[in-house]
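Let's take a friendly walk through a protein chain. Have a look at the sequence and the 3D view below, and then read on to see how its side chains come together.

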Amino acid sequence: MGKKQVSRAASMLLVSSLLFAVPSVRCEAAVITSNATDKIAVAFHAGTDYSAGDYVIYDAELYICTQETKGEWETVQADFMQITKNRELGTGKDLSASYQDSKDPSEETSLMAFVANAWQKMKSFFGIGEADSATDGQDYKGASVSAKLNYLKDQGSTMDAEISDLKGSASDLKGSVSELKGSVSDLKGNIERSFQSVSSGKQKLTDAITDGGGTASPSYNFDQFSQAITALAAAQRASGETAGHAKGYEEGRASGLAEGRTQGLEEGKSQGTEEGKAQGREEGIREADGRVNTESASYKQGFSDAGYQMYHQTIKLNYHGPQSEKNCFRRNWTGIDGAYCYYFEKSFSGQIYGVWARNDSSIKGTHYETVHSIVNMDGEMRIVREQKEENDFHDTLKVNGNMISWDPFVYNSIDPDRSMTTLELIVYYR
């Protein structure tokens with residue numbers, strides 16, 4: 001509590017004493033009542049232990065202890081705060097002194113001046129005799145209670161009028177919002193009908209593409225539909241080329257078989273024994289492999305006569321996966337541009353002796369081709385031909401015993417239908 005607050009508390013205590021005629025201010029003991037508990041004030045005794053909050057009376061004045069202390073009054077006086085000022089009031093000047101309005105009542109040295117000053121301050125604070133006084137927002141803090149009440153009443157009337165105007169504006173706004181909702185509802189209906197028309201058209205376009213063997217979805221935008229139609233045309237063209245190649249291959253093979261049989265018979269006769277025939281076939285195979293002449297009729301007939309088996313497969317592969325030999329592929333998600341990476345693995349029932357492979361790919365408009373030729377020479381698989389175009393798209397073909405692995409084939413989701421790969425694989429094993 002500050003000094004000025006303590007002074008005001010003492011002043012109010014003295015006013016209360018005057019109004020209720022407290023018998024004597026020079027008593028040696030008194031009971032001080034608070035909200036928390038009753039405190040007893042006794043006369044100060046030197047050498048007594050005092051704690052903060054203890055009340056004492058010294059020279060007819062009331063004090064409160066502020067911290068633990070003990071000793072003579074002259075040495076411990078600073079540890080007590082004075083509450084009453086009885087000796088400064090009731091002197092011989094009381095009847096002649098007049099109060100000063102600028103003073104705090106507790107600063108008056110005359111009892112009469114103190115009472116008059118305190119009463120004037122109370123009248124000013126509560127607005128006694130000034131019921132019609134007025135104030136405004138700037139002087140509100142220092143105005144009397146009566147003036148403050150009048151100001152608040154005026155403000156309340158003004159606020160009621162403003163609230164009434166606001167309610168009218170809110171009603172008008174509500175009508176405007178209702179009209180706007182109707183317009184929005186009509187617009188929403190038109191938009192929904194437009195979307196339904198576009199959706200039906202996309203579904204018909206999707207059905208036409210998928211019926212032709214292509215890939216499409218009603219969720220495609222028009223650029224994606226254009227790409228899907230282009231990819232379908234390319235796939236159909238590639239399918240026709242594959243069919244023509246297969247037909248030509250079979251016709252060439254039929255013609256080569258007869259020639260190969262004749263040549264094999266002549267070679268067999270020149271060797272004179274079955275052992276010589278087998279040796280001649282093996283040497284013929286090695287020589288043919290060295291010339292990368294895997295398509296020759298004698299090459300194929302020699303393998304057939306020696307008990308070899310041939311695996312020949314053409315596979316179409318794109319972002320959505322292979323169209324055949326699906327059990328030979330595994331797919332990994334790379335996480336980059338939504339890309340998938342495909343790996344080909346196949347095992348055979350016997351030792352692999354020769355492999356010819358071709359990778360013909362078109363990746364987003366860029367064409368490249370890779371050719372591999374690997375043969376078994378003296379028990380070791382050796383590359384006799386590996387042709388790759390100079391670009392970033394290279395694959396790897398590996399042979400180990402009876403197992404072939406071929407990878408990687410990567411396609412991303414940015415333009416999935418513009419990439420197509422044709423894989424052709426021929427394997428001789430026994």
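## The nonpolar cores

The largest nonpolar core has 26 residues, and V355, I404 and V427 touch the most other members. A nonpolar core here is a set of buried Ala, Val, Leu, Ile, Met, Phe, Trp, Tyr and Cys residues joined through side-chain atoms within 4.5 Å. Buried means under 20% relative accessible area, exposed means over 50%, and partly exposed lies in between, using a 1.4 Å probe and protein chains only. Two or more residues of this core come from each of β6 (309–318), β9 (340–347), β10 (352–363), β11 (366–377), β13 (396–400), β14 (403–411) and β15 (419–429). Strands are DSSP runs of E with at least two residues, helices are runs of H or I with at least four, and both are numbered from the N terminus.

A second, separate core has eight residues, including F44, V56, C65 and F80. In soluble globular proteins, nonpolar side chains tend to be buried together. What does I404 touch, leaving aside its neighbours within four places in sequence? The residues in contact with I404 are F344, E345, K346, F348, I352, V355, L397, K398, V399 and V427; contact means heavy atoms within 4.5 Å.

## About the model

This is a predicted model, in which local features need pLDDT of at least 70 and side-chain atom pairs count only at pLDDT 80 or more, while totals for chains, interfaces and linings use all residues. Residues are numbered from 1 along each chain as its sequence is written, and side-chain values use heavy atoms, with hydrogens and water left out.

## The chain as a whole

The chain has seven helices and 15 strands. Of its 430 residues, 32% are buried. Among contacts between residues at least 6 apart in sequence, 45% join residues at least 24 apart.

The accessible surface of the chain is about 27,100 Å², and carbon and sulfur atoms account for 51% of that surface. Such areas come from the Shrake-Rupley method with a 1.4 Å probe, and for residues only the protein chains shown count as cover.

## Salt bridges

How many salt bridges are there? The count comes to six, where a salt bridge is a side-chain nitrogen of Lys or Arg within 4 Å of a carboxyl oxygen of Asp or Glu. One of them joins K70 and D49, with the closest N and O atoms 3.8 Å apart. K70 lies in the loop between β4 (61–65) and α2 (73–76), and D49 in the loop between β2 (38–43) and β3 (55–58), so this pair ties together parts that are 21 residues apart in sequence. K70 is exposed at 52% relative accessible area, and D49 is exposed at 58%.

Another salt bridge joins R358 and E424, at 3.3 Å from N to O. R358 is in strand β10 and E424 in strand β15, so the pair ties together parts that are 66 residues apart in sequence. Are these residues buried or exposed? R358 counts as buried at 17% relative accessibility, and E424 counts as buried at 4%. R358 and E424 also belong to a network of salt bridges with D360 and E369.

## Aromatic rings

The structure holds 17 aromatic pairs. Rings of Phe, Tyr and Trp (its six-membered ring) pair if their centres lie within 6.5 Å; planes under 30 degrees apart count as stacked, over 60 as edge-to-face and the rest as tilted. The rings of Y308 and Y353 have centres 5.2 Å apart and planes at 80 degrees, so they form an edge-to-face pair. Y308 lies in the loop between α7 (297–305) and β6, while Y353 is in strand β10, so the pair ties together parts 45 residues apart in sequence. Y308 is buried, at 9% relative accessible area, whereas Y353 is partly exposed at 23%.

F329 and F344 are also edge-to-face, because their ring centres are 5.2 Å apart and their planes are at 65 degrees. This pair links F329 in strand β8 with F344 in strand β9, 15 residues apart, and both residues are buried. Elsewhere, F44, Y50, Y58, Y63, W73 and F80 form one aromatic cluster.
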